[in-house]
Amino acid sequence: VSCGCSQFLTKDLFDAMCDDGVVVCETVKFVLDATDDGKDAFVEKLNGLASAHGWGHRPILTSHLHKRQPPPKKRETEPTAMQVRADQRCMKPAHLAYTKN
């Protein structure tokens, strides 16, 4: 489910999924206008929508979605505050996986 379609994470959608299905939701990791707090709030909102319908976030499945994500760039000097912030943003998930509880 794309971040722009998160309003469709309704009872009808979750009820239509089979018991062993996986719902993958896009976060707003790459939305440039979103603040870090806004990005975290969006993830919490996705978790709340899924939880309200009996589905839960699955960190192990989520990690599989990001297996080929490159690690932050290694630096030869002490990173600046902005580089540290960029590295932290880089490691946030672009997608979250949910399964039925």
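## Close-up views of a predicted model

**View 1. Strands β2 and β3 side by side.** Strand β2 (residues 55-57) pairs with β3 in the antiparallel sense, and three bridges connect the two. Two strands are said to pair if DSSP finds at least two bridges between them. In this pairing, His-57 has Tyr-98 as its bridge partner in β3.

What you're looking at throughout is a predicted model, so local features need pLDDT of at least 70 and side-chain atom pairs count only at pLDDT 80 or more, while totals for chains, interfaces and linings use all residues. Residues are numbered from 1 along each chain as its sequence is written, and side-chain values use heavy atoms, with hydrogens and water left out.

**View 2. The whole chain, for orientation.** Step back and you'll find four helices and three strands. Helices (H or I, at least four residues) and strands (E, at least two) are DSSP runs, numbered from the N terminus. Following the sequence, the order is α-β-α-β-α-α-β. Taken along the principal axes, the C-alpha atoms fill a box of roughly 50 × 25 × 15 Å. Of the chain's 101 residues, 24% count as buried. Buried means under 20% relative accessible area, exposed means over 50%, and partly exposed is in between (1.4 Å probe, protein chains only). As for contacts (heavy atoms within 4.5 Å), among those between residues at least 6 apart in sequence, 78% join residues at least 24 apart.

**View 3. The largest nonpolar core.** Which residues make up this core? They are Leu-9, Phe-14, Val-23, Cys-25, Val-28, Phe-42, Leu-46, Ala-50, Trp-55, Leu-96 and Tyr-98, 11 residues in all. A nonpolar core here is a set of buried Ala, Val, Leu, Ile, Met, Phe, Trp, Tyr and Cys residues joined through side-chain atoms within 4.5 Å.

**View 4. Phe-14 and Trp-55, an aromatic pair.** Searching the whole structure turns up one aromatic pair. The ring centres of Phe-14 and Trp-55 sit 5.4 Å apart with the planes at 45°, so the pair is tilted. It links distant parts of the chain, with Phe-14 in helix α1 and Trp-55 in strand β2, 41 residues apart. Both Phe-14 and Trp-55 are buried. For the cut-offs, rings of Phe, Tyr and Trp (its six-membered ring) pair if their centres lie within 6.5 Å; planes under 30 degrees apart count as stacked, over 60 as edge-to-face and the rest as tilted.

**View 5. Around Ser-6 and Phe-42.** Ser-6 lies in the segment before α1 and counts as buried at 15% relative accessibility. Leaving out residues up to four places away in sequence, Ser-6 touches Val-1, Phe-42, Leu-46 and Leu-49. With that same rule, Phe-42 touches Cys-3, Ser-6, Glu-26, Thr-27 and Val-28. The side chain of Ser-6 also reaches the backbone oxygen of Cys-3 at 3.3 Å.

**View 6. Salt bridges.** How many salt bridges does the structure hold? There are six, each being a side-chain nitrogen of Lys or Arg within 4 Å of a carboxyl oxygen of Asp or Glu.

- Lys-11 and Asp-15 meet at 2.5 Å, N to O. Being four residues apart in helix α1 (residues 11-16), they are separated by about one helical turn.
- Lys-92 and Asp-40 also meet, at 2.5 Å, N to O. Lys-92 lies in the loop between α4 (81-90) and β3 (95-100) and Asp-40 in helix α2 (residues 36-52), so the pair ties together parts 52 residues apart in sequence. Lys-92 is partly exposed at 25%, and Asp-40 is partly exposed at 36%.
- Asp-87 and Arg-75 meet at 2.8 Å, N to O. Asp-87 is in helix α4 and Arg-75 in the loop between α3 (59-65) and α4, so this pair ties together parts 12 residues apart in sequence. Asp-87 is buried at 18%, whereas Arg-75 is partly exposed at 30%.
- Asp-36, Arg-85 and Arg-89 are linked in a salt-bridge network.

Notes
A polar contact is a pair of N or O atoms within 3.5 Å; within protein, one must be able to donate a hydrogen and the other to accept it, and residues adjacent in sequence count only if both atoms are side-chain atoms.
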